[in-house]
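Please open the model in your viewer and keep the selection panel at hand. The tour moves from one selection to the next and says what is found at each stop.

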Amino acid sequence: MNTEPTSPPHDDTGERSAAPHSPTKPPCRPCQELALAEAVANAEYDWSRATDCRVLLKRHRESGECVAGQSA
């Protein structure tokens with residue numbers, strides 16, 4: 001039985017991390033929390049949870065709640 005971890009699947013956008021979306025403004029707290037949650041999920045090879053974090057981060061950034069602005 002092969003126990004080596006597999007690489008995560010690539011999404012259509014090619015994005016692999018939740019980097020801050022504005023170099024001049026720091027990410028807001030929810031952005032930071034979702035980015036951290038994604039990093040933890042990736043470290044645990046939990047690709048489904050990592051994808052969920054990316055989706056939630058994108059939704060948050062597109063909402064009016066993100067104080068750092070919308071992603072480009």
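Begin by selecting Arg29, Leu36 and Ala43, which are exposed residues on the face of helix 1 that is turned away from its buried side. Bear in mind throughout that this is a predicted model, and that the values given here are computed from it.

Next, select residues 29–43, which make up the whole of helix 1. Helix 1 has 15 residues and reaches 21 Å from its first C-alpha to its last, which is close to the 21 Å expected at 1.5 Å a residue.

Within that selection, which residues are the buried ones of helix 1? They are Cys31, Leu34, Glu38 and Ala41, where buried means under 20% relative accessible area. If you turn the view so that you look down the axis of helix 1, its buried residues fall within an arc of 90 degrees, so they line one face of the helix.

If you display contacts between residues at least 6 apart in sequence, 56% of them join residues at least 24 apart.

Key:
Residues numbered from 1 in each chain as written. Predicted model: local features only at pLDDT ≥ 70, side-chain atom pairs only at ≥ 80, totals over all residues. Heavy atoms only, no water. Contact = heavy atoms within 4.5 Å. Helix = DSSP H or I, 4+ residues; strand = E, 2+ residues; numbered from the N terminus. Expected span 1.5 Å × (residues − 1). Buried < 20%, exposed > 50% of the residue type's maximum accessible area, 1.4 Å probe, protein only. Arc of directions from axis to C-beta.
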